[in-house]
Amino acid sequence: MRWRRTFSGRPEQTASARDFAATLFAGAECVDVVKFVVAELTANTLRHTRSGEDGGWFGLEVVFDDPAYVAVVDNGGRGIPAVRQPVDLLATGGRGLYAVSQLAHRMGIEGSPVLGHRVWVEVELDKPLTDPFGSLRSVAS
């Protein structure tokens with residue numbers, strides 16, 4: 001099953017999008033992964049694109065399948081989403097897409113700053129939420 005929904009580009013809409021996806025994946029083992037992915041991708045789009053400006057919006061697409069599919073579409077602007085490596089575990093930002101990439105079965109970033117981006121993630125239905133930095137913390141200690 002596939003659902004698509006648009007949200008206004010206000011910060012509180014991150015929680016609304018996360019809750020919407022959580023309802024659709026209720027009972028699936030990957031529900032917490034989906035919630036994390038939606039929260040991270042929507043927060044990024046509001047922080048780093050025109051979606052977070054007055055009149056902005058973002059789109060959310062979720063597909064309940066195996067693997068599950070989650071995509072966030074933004075209004076473009078201010079750069080291109082990228083997974084940063086190496087990850088600075090002490091930084092206050094810049095780790096979100098890396099964490100998403102570690103939870104994903106597959107991940108992609110499409111589009112442009114002019115036309116907008118689609119950041120998509122496939123997650124295995126039976127994948128529970130784990131700490132994507134666990135192995136890095138043990139190495140860093």
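This is a predicted model: local features need pLDDT of at least 70, side-chain atom pairs count only at pLDDT 80 or more; totals for chains, interfaces and linings use all residues.

Colleague: Okay. Which residues of α1 are buried, then?

Modeller: In helix α1 the buried ones are Gln13, Thr14, Ala17, Phe20, Ala21, Ala22 and Leu24. They pack against β1 (2-8), α2 (31-48) and β2 (57-63).

Colleague: What span should the 12 residues of α1 have, and how far apart are the end C-alpha atoms?

Modeller: At 1.5 Å a residue, helix α1 (residues 13-24) should span 16 Å. Its end C-alpha atoms are 17 Å apart, which agrees.

Colleague: Let me zoom out. How many helices and strands are there in the protein?

Modeller: There are 4 helices and 5 strands. Going along the sequence, the pattern reads β-α-α-β-β-α-β-β-α.

Colleague: And what share of the residues is buried?

Modeller: Of the 141 residues, 43% are buried. The accessible surface comes to about 7600 Å², and 51% of that belongs to carbon and sulfur atoms.

Colleague: New topic, rings. How many aromatic pairs does a search of the whole structure find?

Modeller: It finds 4 aromatic pairs. One of them is Phe7 with Phe20, an edge-to-face pair at 6.3 Å centre to centre, with 70° between the planes. Phe7 lies in strand β1 and Phe20 in helix α1, so this pair ties together parts that are 13 residues apart in sequence.

Colleague: Are those two buried or exposed?

Modeller: Both Phe7 and Phe20 are buried. Ring pairs also link them with Phe58 into a cluster.

Colleague: Can you give me another pair?

Modeller: Phe25 and Phe64 form a tilted pair, 5.0 Å centre to centre and 35° between the planes. Phe25 is in the loop between α1 and α2, while Phe64 is in the loop between β2 and β3, so the pair ties together parts 39 residues apart in sequence. Phe25 is buried, with a relative accessible area of 0%, whereas Phe64 counts as partly exposed at 31%.

Colleague: Now charges. How many salt bridges are found in the whole structure?

Modeller: The search finds 7 salt bridges. In one of them, the side chains of Glu61 and Arg2 meet at 2.3 Å, N to O. That pair links distant parts of the chain, with Glu61 in strand β2 and Arg2 in strand β1, 59 residues apart.

Colleague: Is Glu61 buried or exposed?

Modeller: Glu61 is buried, with a relative accessible area of 7%. Glu61 also forms a salt bridge with Arg118, where the closest N and O atoms are 3.1 Å apart. Arg118 lies in strand β5 and Glu61 in strand β2, so that pair ties together parts 57 residues apart in sequence. Arg2, Arg4, Glu61 and Arg118 are linked in a network of salt bridges.

Colleague: What about Asp32 and Lys35?

Modeller: They form a salt bridge too, with the closest N and O atoms 3.5 Å apart. Being 3 residues apart in helix α2, Asp32 and Lys35 are separated by about one helical turn.

Colleague: Last bit, the surface. Which residues form a nonpolar patch there?

Modeller: Ile80, Val83 and Ile109 do, with about 240 Å² of accessible area together. Ile80 sits in the loop between β3 (68-73) and α3 (96-103), and is exposed at 59% relative accessible area.

Colleague: And what does Pro113 contact?

Modeller: Leaving aside neighbours within four places in sequence, Pro113 is in contact with Arg50, Asn75, Gly76, Gly77, Gly79 and Ile80. Pro113 is in the loop between β4 (106-112) and β5 (116-123). The C-alpha atoms of Pro113 and Arg50 are separated by 9.3 Å, though the two residues are 63 apart along the chain.

How values were computed: Residues are numbered from 1 along each chain as its sequence is written. Side-chain values use heavy atoms; hydrogens and water are left out. Patches are made of residues with over 30% relative accessible area and no salt bridge: like charges are joined within 9 Å, nonpolar side chains (Val, Leu, Ile, Met, Phe, Trp, Tyr) within 5 Å. Accessible areas come from the Shrake-Rupley method with a 1.4 Å probe; for residues, only the protein chains shown count as cover. A salt bridge is a side-chain nitrogen of Lys or Arg within 4 Å of a carboxyl oxygen of Asp or Glu. Helices (H or I, at least four residues) and strands (E, at least two) are DSSP runs, numbered from the N terminus. Buried means under 20% relative accessible area, exposed over 50%, partly exposed in between (1.4 Å probe, protein chains only). The expected span of a helix is 1.5 Å times one less than its number of residues. Contact means heavy atoms within 4.5 Å. Rings of Phe, Tyr and Trp (its six-membered ring) pair if their centres lie within 6.5 Å; planes under 30 degrees apart count as stacked, over 60 as edge-to-face and the rest as tilted.
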